[in-house]
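Good morning, and thank you for making the time. I would like to walk you through one structure, so please have a look at it before I go on.

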Amino acid sequence: MATGCNKDFENTLPKNFRNDTLGLGAGKKVLYIVLDGVTGAAIKTLAPTNLAQINAKATYTYDGLADNKYNVITNASAWTTMLTGYDYTKHHVTTEDFAGLNLQNTPTIFTRINSSIINARTVSIASTSVFNDKLAADATVKQTVADDAAVKTGVVTELITNSPSIVVAQFHSAETAGAANGYTAGTPAYAAAIKNIDGYIGEILTALKARKGYAGENWLVIIASNKGGGPSGGTPGSNIFNDASRNAYIAFYNPRFLSVQITQPDPSSYPFVGTAPRFVATTSSNVTATQNSTTLGNFGTTGDYTFMFKFRDDYGQANYYPMFLAKRGPFDSVTSTGWGFLFGANSAQLDWGGSPRPGFGIDIRDGRWHTVAFTISLLNAVRTLTLYVDGLTRYSGSINGKNIDNSIPLRLGGNVGSDGNTQTNILIRDVALFNVALSATDVAAIMRTQIKPSTPFFNNLLGFWPGNETSGTVMLDQSGKGNNFTYSSNVAFANFEEISPNISPDISPAAYTAVPNGVDIPVLIYNWLNIAVSSQWGLTGRVYSPTVSLPTN
């Protein structure tokens, strides 16, 4: 469906679908309709009549993106992106006054088309004067009109009376309604504006098909939001698909296209990818990471805490009682005081100074990633230990007055064992200790993710150890508290990439290019008009090649 644009242009449309026998781009024309502030979510819910008909012969998406960046998006930056084929890091427009715009370095589609096709007629009809003033200076014809109804009238007139190479129509009423009332399908003024624009689109398409020479022409119709709506600007590292200000409806239509809907990747399909230390314990050796502090992990008899980590057991056998994460001596050392996690048959348990010793309640020795957490908090004036595994509460009980503090450093990894029953082979990642007891909801959410400065309660961390090193002997504390672990010298680091139902990893930036972005549109326009795109142009979009229904004869 999509290909990169980092090499010289190759037309991706089927050869017998190209209509250029009379010269470069002859018969190939473009109608480009810009919908300001119209979210893909609203179009999906409202299902306007004419856009629904468009979708029946289009490659389209309700999950499109105005862009895949984290800046605050504006109408000006979005328009510039979708009319130049460069994102804001190259065209430099971020504010509504177009400061930074340099069209010599990032020319518009009007400039490129006029310089590539002899006697091209490029037309821009807009209801917002700055749209034409800043971006359509090189259009053969530009009309700034009073409102969206006048945009429709101007486009219809152009299609009936002239022979344009490209017509760009900019509708702004939905943006005005959304900014004043809210950008949701349930907002009457916003929904009404979208439905009115849909009616205008219907009239425009009727005029297009009524053109005297329509039978010998080949029109690509592009309908695209410049941006979505709502609070703008995402947090670096956040999922841009959740940024409503960037949510766009984008459709590429032609009567011979097949209907193909492009959706955002399923979040449950994102792989958990990275490296992790492998903690192996045998009868003769073991791998460990030992905390540099001897007090971290002591919880005394007062205070609230949350401790969590991810792990994967690769040993896979029902051996008994190897302790793999603990602040105490070996499990077979009956005089040791402290707490620790240990396997038991195909599951595991948390030993809290001998009692309580809650079990995980599920088989977790299956070679898949799991999440574990416990909290210490006051519930009804009783100090309570609560255990969570894979986001679910597995145990909650009193530890009132129980003090199991010691001077043994917190340690990851098993002990050297006397027989096979104490052997381990596990990966441990994302160990975190907070000085607050998180709610069950927060535990379930945070333990699934990869902690970062934007994570709730990040400032409450006493230590955070991702364990994503690839070499060395330091397991770095990324909370900023300086409480590092030290790996044993025989540590090895394993690469992993897998889908786990228990983990929601960060989405890969590549996922944002799996749906059409505003920056992709100029590339398809050039493709359609058989304009060779040089790699020297440095366009940042991708080519979307719609699926074509070919003649049977």
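What you see is a predicted model, in which local features need pLDDT of at least 70 and side-chain atom pairs count only at pLDDT 80 or more, while totals for chains, interfaces and linings use all residues. Residues are numbered from 1 along each chain as its sequence is written, and side-chain values use heavy atoms, with hydrogens and water left out.

A salt bridge here is a side-chain nitrogen of Lys or Arg within 4 Å of a carboxyl oxygen of Asp or Glu, and by this rule the count comes to 15. One of them pairs Arg-121 with Glu-158, whose closest N and O atoms are 2.7 Å apart. Because Arg-121 lies in the loop between helix H5 (109–116) and strand S4 (122–126) and Glu-158 in helix H7 (residues 148–161), this pair ties together parts that are 37 residues apart in sequence. Helices (H or I, at least four residues) and strands (E, at least two) are DSSP runs, numbered from the N terminus.

We call a residue buried under 20% relative accessible area, exposed over 50%, and partly exposed in between, using a 1.4 Å probe and protein chains only. Glu-158 is buried at 3%, whereas Arg-121 is partly exposed at 22%.

Let me turn to the loop between strand S10 (272–281) and strand S11 (289–291), where Thr-288 lies. Thr-288 counts as buried, at 10% relative accessibility, and its contacts (heavy atoms within 4.5 Å) include Phe-279, Arg-411 and Tyr-487, not counting residues up to four places away in sequence.
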